Amino acid sequence: MTRLSKIILIGVFISLCFVFSGFAEPQKTMSVQVKEGQLRSVPSFLGKIIANPSYGDRVAIIEDQGAWKKVAIGGVQGWMHATALTTKTIVLKAGTQNVRTSATGGELALAGKGFSEEVEKQYKNLNHNLDYAWVDRMEKFQVSPEQMQAFLKQGNVVPAEGGAQ
Amino acid sequence: MRKLLHLLCLPLLAALALASCQTMESATTLATAIGQGAGVISGSQAESIRKTAAAVSRSAEEFTPEQEYYIGRSVGAVVLAKYRAHETSQVNQYVNVLGQTLAQASDLPVIFGGYHFLVLNSDDINAFATPSGLVFVTRGLLRCCRNEDALAAVLAHEIGHIELRHGMQAIQKARVTEALTTIATEGAKTFGSREVAALTQTFGGTITDITNTMINKGYARSSEYEADRAAVALLRRVGYNPNGLVEMLTAMKKNLKAGGLDFAKTHPAPDDRIAEIEKGGLKYAAVQAPAVRQNRFQQALGEI
């Protein structure tokens with residue numbers, strides 16, 4: 001084997017390692033895909049909320065436990081429900097606090113695009129008969145996990161086997 | 001030696017090709033933009049190239065949770081233009097505690113803007129669920145519920161439609177492609193008023209697709225049975241008697257008016273739904289709700 005062949009062979013080997021490590025590497029970060037995320041102290045909806053990461057925030061995944069993921073963000077560790085997270089990247093427009101973004105396939109891209117608050121406003125202007133006031137009022141109906149727990153207990157609602165989350 | 005090198009290179013090339021598939025579409029968009037910029041291809045040609053590239057890969061799944069949220073808000077606003085809200089806070093409070101408790105135990109407990117429930121002031125027997133988690137139930141449908149387990153069944157069925165994404169699936173395929181293509185191809189620059197107008201038109205079409213199916217035509221029978229199955233599973237998981245669904249459907253059968261524009265038009269007949277639920281292995285036994293549960297149910301619904 002010539003010296004040149006050896007160099008090429010080593011080069012190919014290193015390239016292969018690089019390419020395949022890219023595929024094999026587990027997903028280490030995810031994005032928050034809800035308006036206001038809830039980072040809890042324990043993997044349960046009854047766990048104390050210790051932080052509220054926003055739509056698009058990236059969190060580092062530490063471990064999985066059923067439908068819950070232990071994550072770290074900004075030096076704080078806690079648990080988030082898996083359905084609040086996505087493997088897609090959500091890129092917010094720099095400097096904006098609101099959650100206007102849009103999708104381009106696998107990557108969620110720049111802010112201010114797509115079906116957004118702005119499009120809703122235009123649509124509303126064209127359709128005066130639509131009732132957004134009650135939609136806004138509905139969104140204010142909030143029930144805490146503690147209220148839910150008390151409701152189930154008071155009504156003696158108990159699963160025959162297993163348990164509600 | 002050469003053969004060995006060739007053999008080693010093959011998987012490398014295959015791996016690189018695989019990795020590049022994911023970026024194929026953005027590469028097409030970029031190449032098209034360059035071609036257009038260089039004056040090699042015209043604007044309309046560029047448009048058609050982009051559309052062809054996009055058409056093969058667009059599905060309603062690609063709307064972001066946030067876009068789904070805005071779609072849902074407007075679908076809700078359409079429902080509220082057709083039906084007025086029942087303003088009594090007592091019953092809305094109760095329906096929200098029950099509904100949100102069920103939603104949190106569902107397979108999709110966390111969604112962009114959360115689950116919210118509202119009673120509609122109508123004698124029609126009807127219920128709607130927007131893709132974003134807004135659930136509407138008419139007074140007419142509440143009257144088909146004799147206990148909390150039956151009301152839980154109604155709400156669990158609607159939550160089933162949301163977690164199974166039936167609303168988003170009602171958007172026409174061509175509309176999905178049109179919407180996502182407009183958004184993607186304008187990605188590099190700021191939207192001007194012309195683009196916003198075009199997007200608003202597509203948005204309106206999307207809302208019409210969903211509300212036409214939800215309010216006028218109804219989902220496929222198979223989707224209704226699927227939502228019933230999801231409801232039975234959720235009721236069991238939380239601790240409600242799934243026979244509440246059977247009892248509600250039995251009462252609904254008596255209350256439905258032939259030729260009505262509500263569930264009579266958009267849902268399979270109650271008997272067919274009961275038969276399908278029983279096929280799933282549920283044996284009917286009357287719901288025996290504890291007194292404390294029955295009392296709070298009657299108190300909350302009052303003279304509904």
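Colleague: What covers the buried residues of α14 in chain B?
Modeller: In this predicted model, the cover includes α11 (221-238) and α12 (243-255) of chain B.

Colleague: And which residues of α14(B) are the buried ones?
Modeller: B:Pro270, B:Arg273 and B:Ile277, in a helix that runs over residues 270-279. They sit on the same side of α14(B), because they cover an arc of only 60 degrees around the axis.

Colleague: Why would that spacing work?
Modeller: An α-helix has 3.6 residues a turn, so residues three or four places apart point the same way.

Colleague: Which exposed residues are on the face turned away?
Modeller: That face of α14(B) carries B:Asp271, B:Ala275, B:Glu278 and B:Lys279.

Colleague: What follows α14(B)?
Modeller: B:Gly281, and its phi is positive, near 105 degrees.

Colleague: OK, switching to the largest nonpolar core. Which residues touch the most other members?
Modeller: B:Leu102, B:Val137, B:Val154 and B:Leu155, out of 103 residues in that core. Helix α7 of chain B (residues 148-163) supplies the largest share, nine residues.

Colleague: What does B:Leu155 touch?
Modeller: Leaving out residues up to four places away in sequence, B:Leu155 touches B:Leu98, B:Gly99, B:Leu102, B:Phe117 and B:Val135.

Colleague: Last one: how do α4(B) and α10(B) cross?
Modeller: The axes of α4 (residues 65-82) and α10 (residues 193-217), both in chain B, come within 10 Å and cross at roughly 50 degrees. That angle makes α4(B) oblique to α10(B), and the crossing is right-handed.

Colleague: Which residues meet there?
Modeller: On the α4(B) side, B:Ile71, B:Ser74, B:Val75, B:Val78 and B:Lys82. They meet B:Thr206, B:Ile207, B:Ile210, B:Thr211 and B:Ile215 in α10(B).

Definitions and conventions:
Residues numbered from 1 in each chain as written. Chains lettered and ligands numbered in written order. Predicted model: local features only at pLDDT ≥ 70, side-chain atom pairs only at ≥ 80, totals over all residues. Buried ≥ 20, exposed ≤ 12 C-beta atoms within 10 Å, placed from the backbone. Helix = DSSP H or I, 4+ residues; strand = E, 2+ residues; numbered from the N terminus. Arc of directions from axis to C-beta. Contact = placed C-beta atoms within 7 Å. Core = buried A, V, L, I, M, F, W, Y, C linked by C-beta atoms within 7 Å. Axes fitted to C-alpha atoms, helices over the stretch in contact; angles between N-to-C directions. Parallel < 35°, antiparallel > 145°, perpendicular 65-115°, else oblique. Left-handed = near helix turned anticlockwise from the far one by under 90°.
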